[in-house]
Amino acid sequence: MPLMPVKFTLQKRVKLAQGLWMLYWASVMLGILIFSLGIFFKVELRKRSEMMDNNESHLVPNLLILMGLLTCAINAFGGKVCHDSLDPMKFSKWKPVLKQFFVSCLLFNAALLLVALLCFLMQFSVYLTLAEGLKYSIRFYKDTDTPGRCFMKRTLDMTQIEFRCCGNNNFRDWFEVQWISNRYLDMSNEEVKDRVLSNVEGKFLMDSVPFSCCNPGSPRPCIQHHLTNSSAHYDYDLRSEELNIWTRGCREALFSYFSSMMSSMGALLIFTIILESADMAGLKYLTTSLESMSDPENPECESEGWLLEKSVKETVCETLAKLKAVVKPNQVQEGGDEPAT
(Lines give C-alpha, C1' and ligand atoms only; values in the text may rest on other atoms or scores of the structure.)
Protein backbone atom coordinates (compact mmCIF):
# COMPACT_ATOMS: atom_id res chain seq x y z
CA MET A 1 0.00 0.00 0.00
CA PRO A 2 1.43 3.43 -0.93
CA LEU A 3 2.60 5.75 1.84
CA MET A 4 0.47 8.90 2.35
CA PRO A 5 -1.62 8.68 -0.87
CA VAL A 6 -3.40 11.83 -2.11
CA LYS A 7 -6.06 12.15 -4.82
CA PHE A 8 -5.29 14.67 -7.58
CA THR A 9 -7.48 16.36 -10.19
CA LEU A 10 -6.13 18.36 -13.12
CA GLN A 11 -6.55 21.61 -11.21
CA LYS A 12 -4.63 20.25 -8.20
CA ARG A 13 -1.83 18.96 -10.41
CA VAL A 14 -1.50 22.34 -12.13
CA LYS A 15 -1.40 24.19 -8.79
CA LEU A 16 1.15 21.73 -7.40
CA ALA A 17 3.37 22.09 -10.49
CA GLN A 18 3.21 25.90 -10.34
CA GLY A 19 3.88 26.00 -6.61
CA LEU A 20 6.80 23.61 -6.95
CA TRP A 21 8.26 25.62 -9.82
CA MET A 22 8.27 28.74 -7.62
CA LEU A 23 9.70 26.77 -4.69
CA TYR A 24 12.51 25.36 -6.82
CA TRP A 25 13.51 28.79 -8.09
CA ALA A 26 13.41 30.13 -4.54
CA SER A 27 15.88 27.35 -3.73
CA VAL A 28 18.05 28.51 -6.64
CA MET A 29 18.14 31.98 -5.08
CA LEU A 30 19.11 30.32 -1.79
CA GLY A 31 21.93 28.52 -3.61
CA ILE A 32 23.21 31.84 -4.94
CA LEU A 33 23.13 33.20 -1.38
CA ILE A 34 25.11 30.19 -0.06
CA PHE A 35 27.64 30.59 -2.87
CA SER A 36 28.00 34.31 -2.11
CA LEU A 37 28.44 33.68 1.62
CA GLY A 38 31.12 31.08 0.86
CA ILE A 39 33.00 33.64 -1.25
CA PHE A 40 32.59 36.30 1.47
CA PHE A 41 33.80 33.91 4.20
CA LYS A 42 36.83 32.95 2.10
CA VAL A 43 37.71 36.61 1.49
CA GLU A 44 37.37 37.41 5.21
CA LEU A 45 39.70 34.53 6.10
CA ARG A 46 42.22 35.82 3.54
CA LYS A 47 41.99 39.32 5.04
CA ARG A 48 42.62 38.00 8.56
CA SER A 49 45.21 35.46 7.40
CA GLU A 50 48.07 37.25 9.19
CA MET A 51 46.03 37.23 12.40
CA MET A 52 45.90 33.43 12.09
CA ASP A 53 49.60 32.95 11.26
CA ASN A 54 48.52 31.80 7.74
CA ASN A 55 47.21 28.53 9.20
CA GLU A 56 43.49 29.15 8.63
CA SER A 57 41.44 26.34 7.10
CA HIS A 58 39.46 27.09 3.93
CA LEU A 59 37.56 23.80 4.06
CA VAL A 60 34.24 25.32 5.15
CA PRO A 61 34.17 28.23 2.64
CA ASN A 62 35.22 25.91 -0.20
CA LEU A 63 32.43 23.48 0.70
CA LEU A 64 29.94 26.34 0.93
CA ILE A 65 30.90 27.50 -2.57
CA LEU A 66 30.49 23.93 -3.87
CA MET A 67 27.15 23.45 -2.10
CA GLY A 68 25.90 26.76 -3.47
CA LEU A 69 26.71 25.73 -7.05
CA LEU A 70 25.13 22.28 -6.57
CA THR A 71 22.01 23.84 -5.01
CA CYS A 72 21.58 26.06 -8.07
CA ALA A 73 22.11 23.18 -10.52
CA ILE A 74 19.85 20.63 -8.78
CA ASN A 75 16.99 23.07 -8.19
CA ALA A 76 17.19 24.50 -11.70
CA PHE A 77 16.80 20.94 -13.00
CA GLY A 78 13.85 20.33 -10.65
CA GLY A 79 12.23 23.56 -11.77
CA LYS A 80 12.57 22.50 -15.42
CA VAL A 81 10.92 19.12 -14.64
CA CYS A 82 8.00 20.93 -12.94
CA HIS A 83 7.68 23.30 -15.89
CA ASP A 84 7.46 20.39 -18.36
CA SER A 85 5.35 18.12 -16.15
CA LEU A 86 1.97 19.18 -17.56
CA ASP A 87 3.04 18.50 -21.14
CA PRO A 88 3.00 14.69 -21.70
CA MET A 89 5.49 14.87 -24.58
CA LYS A 90 8.01 16.96 -22.63
CA PHE A 91 7.52 15.06 -19.37
CA SER A 92 8.17 11.67 -21.02
CA LYS A 93 11.84 12.55 -21.63
CA TRP A 94 12.40 13.20 -17.90
CA LYS A 95 10.86 9.91 -16.67
CA PRO A 96 14.00 7.74 -17.13
CA VAL A 97 16.16 10.04 -14.97
CA LEU A 98 13.70 10.84 -12.17
CA LYS A 99 14.78 7.93 -9.97
CA GLN A 100 18.44 8.93 -10.22
CA PHE A 101 17.44 12.54 -9.55
CA PHE A 102 15.68 11.61 -6.29
CA VAL A 103 18.70 9.56 -5.17
CA SER A 104 21.03 12.46 -5.96
CA CYS A 105 18.75 14.79 -3.96
CA LEU A 106 18.97 12.48 -0.93
CA LEU A 107 22.77 12.35 -1.18
CA PHE A 108 22.87 16.12 -1.63
CA ASN A 109 20.79 16.66 1.52
CA ALA A 110 23.19 14.38 3.43
CA ALA A 111 26.12 16.47 2.12
CA LEU A 112 24.34 19.69 3.18
CA LEU A 113 23.86 18.27 6.68
CA LEU A 114 27.56 17.37 6.87
CA VAL A 115 28.62 20.89 5.82
CA ALA A 116 26.14 22.40 8.32
CA LEU A 117 27.72 20.30 11.10
CA LEU A 118 31.19 21.43 9.98
CA CYS A 119 30.06 25.06 10.26
CA PHE A 120 29.43 24.47 13.97
CA LEU A 121 32.27 22.04 14.73
CA MET A 122 35.05 23.98 12.96
CA GLN A 123 34.50 27.00 15.21
CA PHE A 124 36.80 25.46 17.83
CA SER A 125 39.55 25.16 15.22
CA VAL A 126 39.12 28.85 14.34
CA TYR A 127 39.41 29.74 18.05
CA LEU A 128 42.72 27.87 18.43
CA THR A 129 44.11 29.31 15.19
CA LEU A 130 43.24 32.85 16.31
CA ALA A 131 44.81 32.32 19.74
CA GLU A 132 48.09 31.16 18.21
CA GLY A 133 48.10 33.62 15.31
CA LEU A 134 47.39 36.72 17.39
CA LYS A 135 50.17 35.80 19.80
CA TYR A 136 52.68 35.84 16.92
CA SER A 137 51.13 38.96 15.38
CA ILE A 138 51.71 40.95 18.57
CA ARG A 139 55.27 39.62 18.80
CA PHE A 140 56.06 40.72 15.21
CA TYR A 141 54.22 44.06 15.45
CA LYS A 142 57.50 46.00 15.54
CA ASP A 143 59.10 44.25 12.54
CA THR A 144 58.08 46.82 9.92
CA ASP A 145 61.41 46.42 8.10
CA THR A 146 61.37 42.61 7.98
CA PRO A 147 60.28 41.07 4.65
CA GLY A 148 56.99 39.21 5.04
CA ARG A 149 56.04 41.20 8.16
CA CYS A 150 56.09 44.73 6.76
CA PHE A 151 52.31 45.16 7.01
CA MET A 152 51.81 43.33 10.31
CA LYS A 153 51.64 46.60 12.25
CA ARG A 154 49.08 48.11 9.90
CA THR A 155 46.98 44.93 9.86
CA LEU A 156 46.94 44.62 13.65
CA ASP A 157 46.20 48.32 14.16
CA MET A 158 43.31 48.20 11.69
CA THR A 159 41.97 45.04 13.36
CA GLN A 160 42.04 46.63 16.82
CA ILE A 161 40.29 49.75 15.51
CA GLU A 162 37.68 47.85 13.52
CA PHE A 163 36.82 45.27 16.18
CA ARG A 164 37.35 47.61 19.16
CA CYS A 165 39.76 45.26 20.87
CA CYS A 166 43.25 45.34 22.34
CA GLY A 167 45.84 42.57 22.56
CA ASN A 168 45.21 38.84 22.36
CA ASN A 169 43.37 38.19 25.64
CA ASN A 170 43.38 41.82 26.85
CA PHE A 171 45.49 44.99 26.79
CA ARG A 172 48.07 43.51 29.22
CA ASP A 173 49.41 41.30 26.43
CA TRP A 174 51.24 44.37 25.12
CA PHE A 175 53.16 44.64 28.42
CA GLU A 176 54.85 41.27 27.74
CA VAL A 177 56.35 42.07 24.32
CA GLN A 178 58.59 44.75 22.88
CA TRP A 179 56.30 46.38 20.34
CA ILE A 180 58.59 49.34 19.53
CA SER A 181 61.44 48.57 17.13
CA ASN A 182 65.04 49.16 18.28
CA ARG A 183 65.30 51.49 15.29
CA TYR A 184 63.17 54.03 17.18
CA LEU A 185 64.86 53.62 20.57
CA ASP A 186 67.52 56.07 21.70
CA MET A 187 70.10 53.73 23.20
CA SER A 188 72.11 56.69 24.48
CA ASN A 189 69.27 57.53 26.84
CA GLU A 190 69.94 56.17 30.31
CA GLU A 191 66.32 55.32 31.02
CA VAL A 192 66.02 53.30 27.80
CA LYS A 193 69.35 51.58 28.39
CA ASP A 194 68.43 50.64 31.98
CA ARG A 195 65.08 49.25 30.90
CA VAL A 196 66.71 47.07 28.23
CA LEU A 197 69.50 45.85 30.51
CA SER A 198 67.09 45.07 33.34
CA ASN A 199 65.26 42.57 31.14
CA VAL A 200 66.67 39.03 30.92
CA GLU A 201 65.99 38.79 27.18
CA GLY A 202 67.18 42.33 26.48
CA LYS A 203 63.73 43.60 25.49
CA PHE A 204 62.36 47.09 25.94
CA LEU A 205 59.18 46.34 27.90
CA MET A 206 56.77 48.95 29.21
CA ASP A 207 53.22 49.26 30.52
CA SER A 208 51.95 50.89 27.33
CA VAL A 209 49.75 49.98 24.39
CA PRO A 210 49.62 51.12 20.70
CA PHE A 211 47.38 54.03 19.72
CA SER A 212 44.92 51.63 18.03
CA CYS A 213 43.85 50.43 21.49
CA CYS A 214 42.43 53.85 22.34
CA ASN A 215 38.68 54.23 22.68
CA PRO A 216 37.65 57.38 20.76
CA GLY A 217 34.37 57.47 22.66
CA SER A 218 36.13 58.26 25.93
CA PRO A 219 35.76 61.89 27.09
CA ARG A 220 39.34 61.90 28.39
CA PRO A 221 42.35 62.09 26.04
CA CYS A 222 43.75 58.62 25.56
CA ILE A 223 46.13 57.36 28.22
CA GLN A 224 48.21 54.72 26.46
CA HIS A 225 51.50 55.00 28.38
CA HIS A 226 52.23 54.17 32.04
CA LEU A 227 48.83 52.50 32.39
CA THR A 228 49.69 50.80 35.68
CA ASN A 229 51.18 53.95 37.28
CA SER A 230 48.34 55.96 38.76
CA SER A 231 50.69 58.74 39.90
CA ALA A 232 51.89 59.36 36.33
CA HIS A 233 48.57 60.98 35.38
CA TYR A 234 46.42 63.60 37.04
CA ASP A 235 43.18 62.36 38.61
CA TYR A 236 43.76 58.81 37.44
CA ASP A 237 43.37 55.57 39.38
CA LEU A 238 43.83 52.27 37.55
CA ARG A 239 41.88 50.34 40.20
CA SER A 240 38.74 52.48 40.17
CA GLU A 241 38.64 54.43 36.92
CA GLU A 242 37.40 52.81 33.73
CA LEU A 243 40.24 52.71 31.21
CA ASN A 244 39.85 54.73 28.04
CA ILE A 245 41.32 51.91 25.96
CA TRP A 246 39.56 48.81 24.68
CA THR A 247 39.56 46.13 27.38
CA ARG A 248 38.23 43.34 25.17
CA GLY A 249 40.81 40.97 23.65
CA CYS A 250 41.03 40.60 19.86
CA ARG A 251 40.80 36.82 20.09
CA GLU A 252 37.38 37.11 21.70
CA ALA A 253 36.27 39.81 19.24
CA LEU A 254 37.43 37.97 16.10
CA PHE A 255 36.12 34.64 17.32
CA SER A 256 32.73 36.20 18.04
CA TYR A 257 32.73 37.62 14.50
CA PHE A 258 33.67 34.35 12.78
CA SER A 259 31.56 32.09 15.02
CA SER A 260 28.42 34.19 14.45
CA MET A 261 29.10 34.07 10.71
CA MET A 262 29.60 30.28 10.73
CA SER A 263 26.55 29.69 12.93
CA SER A 264 24.40 31.77 10.55
CA MET A 265 25.69 29.75 7.61
CA GLY A 266 24.96 26.49 9.42
CA ALA A 267 21.41 27.64 10.17
CA LEU A 268 20.97 28.67 6.50
CA LEU A 269 22.11 25.21 5.37
CA ILE A 270 19.63 23.52 7.72
CA PHE A 271 16.86 25.71 6.30
CA THR A 272 18.02 24.70 2.81
CA ILE A 273 17.74 21.01 3.79
CA ILE A 274 14.15 21.57 4.94
CA LEU A 275 13.32 23.39 1.70
CA GLU A 276 14.99 20.66 -0.39
CA SER A 277 12.99 17.99 1.46
CA ALA A 278 9.77 19.89 0.71
CA ASP A 279 10.80 20.13 -2.97
CA MET A 280 11.49 16.39 -3.11
CA ALA A 281 8.18 15.48 -1.46
CA GLY A 282 6.21 17.79 -3.79
CA LEU A 283 7.97 16.51 -6.89
CA LYS A 284 7.36 12.90 -5.82
CA TYR A 285 3.63 13.60 -5.45
CA LEU A 286 3.59 15.35 -8.84
CA THR A 287 5.43 12.63 -10.76
CA THR A 288 3.52 9.72 -9.18
CA SER A 289 0.19 11.47 -9.80
CA LEU A 290 1.11 11.85 -13.48
CA GLU A 291 2.35 8.26 -13.81
CA SER A 292 -0.76 6.79 -12.16
CA MET A 293 -3.26 8.47 -14.50
CA SER A 294 -5.72 5.84 -15.77
CA ASP A 295 -6.02 7.59 -19.15
CA PRO A 296 -2.83 9.56 -19.99
CA GLU A 297 -4.48 10.99 -23.09
CA ASN A 298 -7.21 12.57 -20.95
CA PRO A 299 -5.50 15.23 -18.79
CA GLU A 300 -8.68 15.89 -16.79
CA CYS A 301 -8.88 12.38 -15.30
CA GLU A 302 -8.19 11.87 -11.61
CA SER A 303 -5.02 10.21 -10.33
CA GLU A 304 -3.31 9.30 -7.10
CA GLY A 305 0.08 10.47 -5.86
CA TRP A 306 2.20 9.15 -2.98
CA LEU A 307 5.52 9.59 -1.24
CA LEU A 308 6.52 5.91 -1.35
CA GLU A 309 5.05 3.11 -3.41
CA LYS A 310 5.15 0.83 -0.35
CA SER A 311 5.34 1.34 3.40
CA VAL A 312 8.57 2.56 4.99
CA LYS A 313 9.40 -0.90 6.37
CA GLU A 314 8.81 -2.62 3.03
CA THR A 315 10.82 0.03 1.19
CA VAL A 316 13.77 -0.33 3.59
CA CYS A 317 13.69 -4.14 3.34
CA GLU A 318 13.53 -3.97 -0.45
CA THR A 319 16.46 -1.52 -0.58
CA LEU A 320 18.57 -3.72 1.72
CA ALA A 321 17.77 -6.77 -0.40
CA LYS A 322 18.95 -4.93 -3.54
CA LEU A 323 22.16 -3.89 -1.79
CA LYS A 324 22.83 -7.49 -0.70
CA ALA A 325 22.22 -8.66 -4.25
CA VAL A 326 24.82 -6.19 -5.48
CA VAL A 327 27.38 -7.07 -2.77
CA LYS A 328 27.11 -10.89 -2.93
CA PRO A 329 28.15 -11.35 -6.58
CA ASN A 330 31.23 -9.23 -5.87
CA GLN A 331 32.12 -11.42 -2.87
CA VAL A 332 31.64 -14.61 -4.90
CA GLN A 333 33.81 -13.21 -7.69
CA GLU A 334 36.57 -12.28 -5.22
CA GLY A 335 36.36 -15.72 -3.63
CA GLY A 336 36.62 -17.39 -7.05
CA ASP A 337 39.72 -15.38 -7.90
CA GLU A 338 41.64 -16.39 -4.73
CA PRO A 339 42.52 -20.02 -5.74
CA ALA A 340 43.72 -18.79 -9.12
CA THR A 341 45.91 -16.28 -7.36
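At what angle do helix α4 (residues 95-121) and helix α8 (residues 250-291) pack, and how far apart are their axes? The first legend answers this, after two notes on the model. This is a predicted model, in which local features need pLDDT of at least 70 and side-chain atom pairs count only at pLDDT 80 or more, while totals for chains, interfaces and linings use all residues. Residues are numbered from 1 along each chain as its sequence is written, and side-chain values use heavy atoms, with hydrogens and water left out.

**View 1. Helices α4 and α8 pack against each other.** Their angle is about 165°, and the axes lie 9 Å apart; axes are lines fitted to C-alpha atoms over the stretch in contact, and angles run from 0 to 180 degrees between N-to-C directions. The two helices are therefore roughly antiparallel, a label for angles over 145 degrees. The crossing of α4 past α8 is left-handed, meaning that the near helix is turned anticlockwise from the far one by less than a right angle. For context, the protein chain holds nine helices and two strands, where helices (H or I, at least four residues) and strands (E, at least two) are DSSP runs numbered from the N terminus.

View 2. E44 is buried at 4% relative accessibility, whereas K47 is partly exposed at 46% (buried is under 20% relative accessible area, exposed over 50%, partly exposed in between, with a 1.4 Å probe and protein chains only). Salt bridges also link E44, K47, R48 and E162 into a network.

**View 3. D143 pairs with R149 in a salt bridge.** Their side chains meet at 3.1 Å, N to O. D143 counts as buried, at 14% relative accessibility, while R149 is partly exposed at 28%.

**View 4. W21, M22 and W25 make a nonpolar surface patch.** Patch members have over 30% relative accessible area and no salt bridge, with nonpolar side chains (Val, Leu, Ile, Met, Phe, Trp, Tyr) joined within 5 Å and like charges within 9 Å. W25 belongs to helix α1 (residues 10-47) and is partly exposed, at 34%.

How values were computed:
Accessible areas come from the Shrake-Rupley method with a 1.4 Å probe; for residues, only the protein chains shown count as cover. A salt bridge is a side-chain nitrogen of Lys or Arg within 4 Å of a carboxyl oxygen of Asp or Glu. Angles under 35 degrees count as roughly parallel, over 145 as roughly antiparallel, 65 to 115 as roughly perpendicular and the rest as oblique.
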